[in-house]
Amino acid sequence: MQLLFEHDEYRARVAKVQAAMRGRGIDVLLVSNPANQFWLTGYDGWSFYTPQMVVVHVDAAEPFWFGRKMDAVGAKFTAYLAEENVIPYPDKYVGSDTLHPMQYLVDLLKQKGWDKGRIAAEQDDYYYTAKWNRILVAGLGQGEFDDGFLLVNRCRMVKSERELIYMRQAGQIAALAQDAARQMCKPGVRQCDVMAELYRVTTSGTPEFGGTFPCKPPNAMVGERASAPHLSWTDAPLEEGEIFYIEMGGIRHRYHAPLSRCVYVGTPPAELVETTKIIREGLEAALDVVKPGIACQDMAAAWDAVIRKHGIEKDSRIGYPVGIGFPPTWGELTCSLRAGDMTIMEENMTFHCIPALWRDTYGLVVSETFAVTPQGAECFADCPRELLVA
């Protein structure tokens, strides 16, 4: 077994979650989010397409992982848990019309005596379905059934030193991949071939450390399609005078450091260069206010002051916290860099600040992933904050 973190760090994470549970009066927490399962136990497998759960009891020394029998083998390679805390369900429960893994989990919780008191589940999580909820509420209905959504996410926000190391490494990979994409952007080169090179670099990483696959595909749009924020590339060849908008991330052990830039094929028009300079000015103004104790809205206010000076308005947020990424997102979902968000930044929280602007015929972006430090924002990637030119 090669754990990414020491046992003591995992135990500290569990204790942090248990303290949050006590504050909410929660006795048992059902964790369906694979990023939260990874953070709590180290378990890392492409198995979350079938039902699996990490269950935390407020008074138990360790949680337990519950999942498909064939995937329980992966726990011995990735999870810090004792063998008895890796609990598989038989394969006959997979894809069955008559059996469901949540029924098995209900019976298991009853056998352990964990079916009493207030039970909470991550009820708004991507991987928690209406059917799961129906079975769990019916089976555990003698207790109170609560919503534990984002409880673990909030516990994850302040990163340990080892987590920061992985994110710094992810940032190095992101910068290399963005530069590799820029170098590939030439007239006649297919968009998909540019992205293939970006994927190659994000996977191979550096000579010192490799990368892993991202939790989601890059948002990569060319020309007018760049006026929409969340589209994908095509197999069309690049042409002189086109802009390639690339939002991607470097990845190290599931830790993501997003990085967004635009590449122009040819000599860029003055309007695009000047607008990119405004984005950079606003981004740097936002980064300049970063320190422990500020609110998320303070970064948004600094950005807004710059763009209003230039006669620009933007009604969407300019960022969010990041870290561990499992499909479909690298965002931690807990807060946003936007007006009205009073979440207080703490030392070693990590965010992606992405103040993109979308116009009728193009989009432009310059972003940074950073850690909050007493000295300010520590950005993880070394990439020019400008409209890159192919």
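Reply: Let's start with the term itself: a salt bridge here is a side-chain nitrogen of Lys or Arg within 4 Å of a carboxyl oxygen of Asp or Glu. With that rule, a search of the whole structure, which is a predicted model, turns up 23 salt bridges.

Take Lys159 and Glu332 to begin with. Their side chains meet in a salt bridge, at 2.9 Å from N to O. The pair links distant parts of the chain, 173 residues apart: Lys159 is in the loop between helix H6 (151-155) and helix H7 (161-184), and Glu332 is in the loop between strand E11 (329-331) and strand E12 (350-353). Buried means under 20% relative accessible area, so Lys159 counts as buried at 4%, and so does Glu332 at 1%.

Now for Asp59 and Arg22, whose salt bridge is 3.8 Å, N to O. This pair also links distant parts of the chain, 37 residues apart. Asp59 is in the loop between strand E2 (53-57) and strand E3 (64-68), while Arg22 belongs to helix H1 (residues 7-24). Asp59 counts as exposed, at 60% relative accessibility, and Arg22 as partly exposed, at 48%.

Asp115 is buried, with a relative accessible area of 6%, yet Lys116 is exposed at 54%.

Finally, look for a network: salt bridges link Arg261, Arg280, Glu284, Glu368 and Arg385.

Key. Residues numbered from 1 in each chain as written. Predicted model: local features only at pLDDT ≥ 70, side-chain atom pairs only at ≥ 80, totals over all residues. Heavy atoms only, no water. Helix = DSSP H or I, 4+ residues; strand = E, 2+ residues; numbered from the N terminus. Buried < 20%, exposed > 50% of the residue type's maximum accessible area, 1.4 Å probe, protein only.
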